[in-house]
Protein chains: 2
Amino acid sequence: METTTPNWLQKRADLSPERTALIFNDQTWTFGEIFEIAAKTAGKIAGLLPGSSRRAAILMNNTPETVWVIYGLWQLGIETVFLNCRLTASELLYQIKDSETGLIIYDCSLTDTVNELSKALADIPIISVNELAERPASEPAIRKEFALADVCSIMYTSGTTGKPKGVLQTYGNHWWSAAGSVLNIGLQENDSWLCAVPVFHISGLSILMRSIIYGIPVILMEKFDEKTVNRLLSSGQVTIMSAVTSMISRMLAKQGDQPYHPAFRCLLAGGGPVPKPLLDICKERKVPVFQTYGMTETSSQIATLSPEDSLKKLGSAGKPLFPSQLKIMTGEKEAKPLEEGEIFVKGPNVTPGYLNRDEANAASFKDGWFSTGDLGFKDEEGFVYILDRRSDLIISGGENIYPAEIEEILLSHEEVSEAGVTGIPDEKWGHVPYGFIVAEKPVKEDEILAFCRERLASYKVPKRIIQVKQLPRNGANKLMRRLLSKLI
Amino acid sequence: METTTPNWLQKRADLSPERTALIFNDQTWTFGEIFEIAAKTAGKIAGLLPGSSRRAAILMNNTPETVWVIYGLWQLGIETVFLNCRLTASELLYQIKDSETGLIIYDCSLTDTVNELSKALADIPIISVNELAERPASEPAIRKEFALADVCSIMYTSGTTGKPKGVLQTYGNHWWSAAGSVLNIGLQENDSWLCAVPVFHISGLSILMRSIIYGIPVILMEKFDEKTVNRLLSSGQVTIMSAVTSMISRMLAKQGDQPYHPAFRCLLAGGGPVPKPLLDICKERKVPVFQTYGMTETSSQIATLSPEDSLKKLGSAGKPLFPSQLKIMTGEKEAKPLEEGEIFVKGPNVTPGYLNRDEANAASFKDGWFSTGDLGFKDEEGFVYILDRRSDLIISGGENIYPAEIEEILLSHEEVSEAGVTGIPDEKWGHVPYGFIVAEKPVKEDEILAFCRERLASYKVPKRIIQVKQLPRNGANKLMRRLLSKLI
């Protein structure tokens, strides 16, 4: 039997109309207000989507209008393709065509990109949020229920090889992700979630989902900025925040020894393993950091360290959340404790598959388990440690080298504020690691190499250290290791 | 696609092995310990159930052994029939036959009942917990996953007419019930739930479920006893409790003006409408009472007042929880605000139906909505007020009379500690209400009738007031109004 629930936003507005739903700069909206705006926005969108399509794409940054459009689309049951605003027109074009999108809504900061796009997309309506606001609002049929098996959102991921693939995320995927998280970190009356990551990524979108499901405010930031974040975390206004490593580094560097407000109870650190030295600083300064592991295909976190284990298992991403499972495979066999292998996941938060990709789906799913391509191990107590993304694995002279391990060492050097490592082709060894660092002052390559030699097996020591102004990162601020080689 | 999750108890033991799971008198068990005991119990049960059956019944009071048996059965994927220990042998026999139970496990306080039963049940194995404990434990295949569509528990309800019906409760029903509750009242690190209601009723069983899903302790009581409850609520050890009206009356009478510990944050009041005077006392004494509405068919609460509305909507059962819906119907039409009608409910916590009762199922479900037979209305803001169970409605001279309304008045009389009202056949009016009261001192009938006349329309004033030692109540301590007439 198909599982249905009431329309989430309508339900939340009915249950908690007066509670704060969204805070953006100095503006505040309640759930009652947000549902009204969403319904009105739905009334403006209705009729724009050609009858043959059930999908619309949005190309929008973190603004309240983005929230209205997303919520408005869901009121109508339209599947929403989340386009990454940092992509080039040709990259976007591919995703728009591949997803068979029938409508594009964009925010005006992206007009240049859209102008390029529109030449190639004469047959698809493209409308800016400003134009949308000017349209008359009809009174469309608002969805009374959400069927959990229905697709809610689609986000593209690149994977190791080949063209980007559209990850299908159902209402059920989002629900179970939110449920898994609340059973890990709890839900308190004063909770509020800071969203300084893009809503076009699952890290941001999942915060909007939780806000509706839990009935708590989202504090939405247009862009991450450590000064504002530190002010919010020190004020007591924020209890939970999602962040990636580089954000945490910048926040802590700026904040210094000043403690955050005690109401700030959870810093979910995702987007790749957090270097141990940074975790040590958090521990020392009593910053409540919980390392997480997740991806677009798992609708955000699938494993997270729990509050009670956060200090004793520093460096681990914890255990798979209540609704989910995770196993480590070496070939056809499940790995023993401490034995590294590929990470497989399963659970109702895991995507039903990629859009129109029978081959990739067949390759990615085995007996209901999704093959992540990532590498890790479990310790004797079942805590998961993420070693690296498989695509970034460097194989050098038959030895496995994990960039994260080297980056951790580089970051522990007092002059280095950011570090990335990748494999560069080498005649003798196949590949060798190169290190890329960001530092305020000029740093001597020899000094860093000597520092590494003291701390790493010789085959792991980078062949070269290259100082750069910034590292390549994606919209979620994740380090894009495969772009590092372009910096040489 | 079928939704599965990991085996809940195994998962909880994996996530939080050291957390307290169960407290009974002076004994305490962690989730790690409980899972081990459950697995061992499963090893003792395995092989007892004939191959042709997938159902076992338990006839057990609130003890740790009951918990081990329930959890043990679930490890094996056996559907569990929860028998009410207060029933007579002939009533039990009907349920055992109707449910096609293949095994009965009972606790030794019920040996007399079982001796009677066993004569009629030569073909079904019946085993006491003591005998079970003596059996050697095999190492059976523990279920790795729970499919949410699978039946987990079966409980019999009587309904208005006809033989009792077995309500099917799936794993999904229990999951969504727990999820709906946590999204209403939150989840804090120090939470613990006091279970002073029978685990053979959904009110008690749902507490065990939440304990596992949320990872919080259950404080299990063999029997409700106001002195012990008051001590626990005053100690800070309990944050949440489920209770019915008569329990709350007794607790408050004993506790007097002494405040409970501030950690006690939620008293869920179920099992029928709570009289307004009692709610007023709670409000005055700052007892955090939240009226709920639910039944076996909804796997416990389906509507509950939220913390923010608990004072301003005293007397309401709140709104349907996040995953659920509730509507009031008058015939084929949805009722207007304040218009009374029959309550229909829908949601993933609602039973898929009664066991082997095609006719009752066809009559109870309309377009996915379950017809509860209960009467209520919504106010202009959508808050639900439960008037009464339809079966208890008294129709007198064409006027509708709701027993609860009269009981509320009787209870507001300072001498009356418990009250029940039912309709007694009358030549002139069809039915007339009779009042049954419990009071410490002898009370004059005329005095009470005069008291009622001052407060009720003349047709609502009971024809007679009968003082009794105790009122008929079922295992969940719910008033059984239809048995009142036997007290005349």
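This is a predicted model: local features need pLDDT of at least 70, side-chain atom pairs count only at pLDDT 80 or more; totals for chains, interfaces and linings use all residues.
1. A word on terms before we start: contact here means heavy atoms within 4.5 Å. Leaving aside neighbours within four places in sequence, M241(A) is in contact with W193(A), L194(A), A196(A), F224(A), V229(A), L233(A), M247(A), M251(A), F264(A), C266(A), L267(A) and L268(A).

2. Next, the two chains. Chain B superposes on chain A by a rotation of 180° with 0.0 Å of shift along the axis, at an RMSD of 0.1 Å. The two copies are therefore related as by a two-fold rotation axis. Which residue of chain B comes closest to the rotation axis? It is L187(B), whose C-alpha lies at 2.4 Å. As for the interface, 100% of the interface residues of chain B are also interface residues in chain A, so the copies meet through the same surface.

3. At the β7 end, β6(A), residues 104-106, pairs with β7(A) in the parallel sense over 3 bridges. Y106(A) stands opposite S128(A) in β7(A).

4. Over in chain B, strand β22 deserves a look. This strand spans residues 369-378 and is mostly covered, with 9 of its 10 residues buried. Strand β20(B), residues 341-346, runs antiparallel to β22(B) and is joined to it by 4 bridges; E342(B) stands opposite L375(B) there. β22(B) also pairs with β21(B), residues 365-366, in the antiparallel sense over 2 bridges. In that pairing, F365(B) has F370(B) as its bridge partner. β21(B) and β22(B) form a hairpin with 2 residues between them, and D367(B) in the turn has a positive phi of about 50°.

5. On the C-terminal part, the UniProt record (an unreviewed entry) annotates residues 405-478 of chain A as "domain: AMP-binding enzyme C-terminal". Over residues 405-478, chain A is 24% helix and 34% strand. The end C-alpha atoms of this stretch are 16 Å apart.

6. Chain B has an open sheet of 3 strands in the order β26-β27-β28, with mixed pairing. Its edge strands are β26 (416-426) and β28 (464-467) of chain B, each pairing on one side only. Neighbouring strands of this sheet are turned by 25° against each other on average, direction ignored. β27(B), residues 430-439, runs parallel to β28(B), and 4 bridges join them. I437(B) stands opposite Q467(B) in β28(B).

7. Helix α13 of chain B, residues 403-412, lies across β26, β27 and β28 of chain B, at about 140° to β26(B). Helix α14 of chain B, residues 445-455, packs on the sheet and touches β26, β27 and β28 of chain B. The direction of α14(B) makes about 130° with that of β28(B).

8. Is M209(B) buried or exposed? Its relative accessibility is 2%, and the cut-off for buried is under 20%, so M209(B) counts as buried. M209(B) is found in helix α8 of chain B, residues 202-214. Beyond its neighbours within four places in sequence, M209(B) is in contact with W8(B), W74(B), C152(B) and H174(B). M209(B) and L9(B) are 200 residues apart along the chain, while their C-alpha atoms are separated by 9.3 Å.

9. Last, two loop residues for your backbone check. N25(A), in the loop between β2 (20-24) and β3 (27-30) of chain A, has a phi near 50°, a positive value in a residue other than glycine. N25(A) counts as exposed, at 60% relative accessibility. K286(B), in the loop between α11 (276-284) and β15 (289-295) of chain B, has a positive phi of about 60° although it is not a glycine. At 74% relative accessibility, K286(B) counts as exposed.

Terms used. Residues are numbered from 1 along each chain as its sequence is written. Chains are lettered from A and ligands numbered from 1 in the order in which they are written. Side-chain values use heavy atoms; hydrogens and water are left out. Two strands pair if DSSP finds at least two bridges between them. Copies are superposed by least squares on the C-alpha atoms of residues with pLDDT of at least 70 in both. Buried means under 20% relative accessible area, exposed over 50%, partly exposed in between (1.4 Å probe, protein chains only). UniProt positions are given in the numbering used here, feature names are shortened, and annotations may be inferred rather than shown by experiment. Axes are lines fitted to C-alpha atoms, for helices over the stretch in contact, and angles run from 0 to 180 degrees between N-to-C directions.
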